[in-house]
Amino acid sequence: METIAFRMTLKPGKQDEYRQRHDAIWPELADALREAGIHDYWIFLDESTHHLFAVLKRPADHGMDALPGLPVMRRWWDYMADLMDTETDHAPIVVPLTPMFHLA
């Protein structure tokens with residue numbers, strides 16, 4: 001099992017809407033994430049920088065690389081684009097984070 005983390009950026013003043021949309025995540029999207037092997041997925045907000053810190057676990061044979069090709073993922077990105085810094089295709093700009101310490 002692998003744990004990965006990444007950073008995204010939320011636009012100022014959008015945290016309430018971001019939370020509301022994630023609280024009502026589409027079941028079809030949640031199923032796609034689980035089918036890709038994603039579990040124990042957390043997203044945290046640093047309110048001072050508007051950075052979102054995401055951490056998740058996935059197996060070695062995960063299917064995350066296929067997610068951008070799924071219609072439900074594309075719709076979600078379009079839905080969330082007004083709240084976040086995104087690429088031109090509305091995918092969130094994702095900055096991988098390097099593990100520095102782990103206490104098991």
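Which residues does M8 touch, not counting residues up to four places away in sequence?

**View 1. Surroundings of M8 in the predicted model.** M8 touches Y18, I43, H50, H51, L52, A54, M84, P92, I93 and V94, leaving aside residues up to four places away in sequence; contact means heavy atoms within 4.5 Å. The model is predicted, so local features need pLDDT of at least 70 and side-chain atom pairs count only at pLDDT 80 or more, whereas totals for chains, interfaces and linings use all residues. Residues are numbered from 1 along each chain as its sequence is written, and side-chain values use heavy atoms, with hydrogens and water left out.

**View 2. The largest nonpolar core.** This core has 23 residues, and M8, Y18, L67 and M84 have the most contacts inside it. Such a core is a set of buried Ala, Val, Leu, Ile, Met, Phe, Trp, Tyr and Cys residues joined through side-chain atoms within 4.5 Å, where buried means under 20% relative accessible area (1.4 Å probe, protein chains only). At least two core residues come from each of β1 (2–9), α2 (27–35), β3 (51–58) and α3 (71–80); helices (H or I, at least four residues) and strands (E, at least two) are DSSP runs, numbered from the N terminus. With five residues, α3 gives the most to this core.

**View 3. Strand pairing around β3.** β1 and β3 pair in the antiparallel sense over eight bridges, pairing requiring that DSSP finds at least two bridges between two strands. The bridge partner of T9 in β3 is H51. Strand β2 (residues 39–46) also pairs with β3 in the antiparallel sense, over six bridges, and L45 has L52 as its bridge partner in β3.

Notes: Buried < 20%, exposed > 50% of the residue type's maximum accessible area, 1.4 Å probe, protein only.
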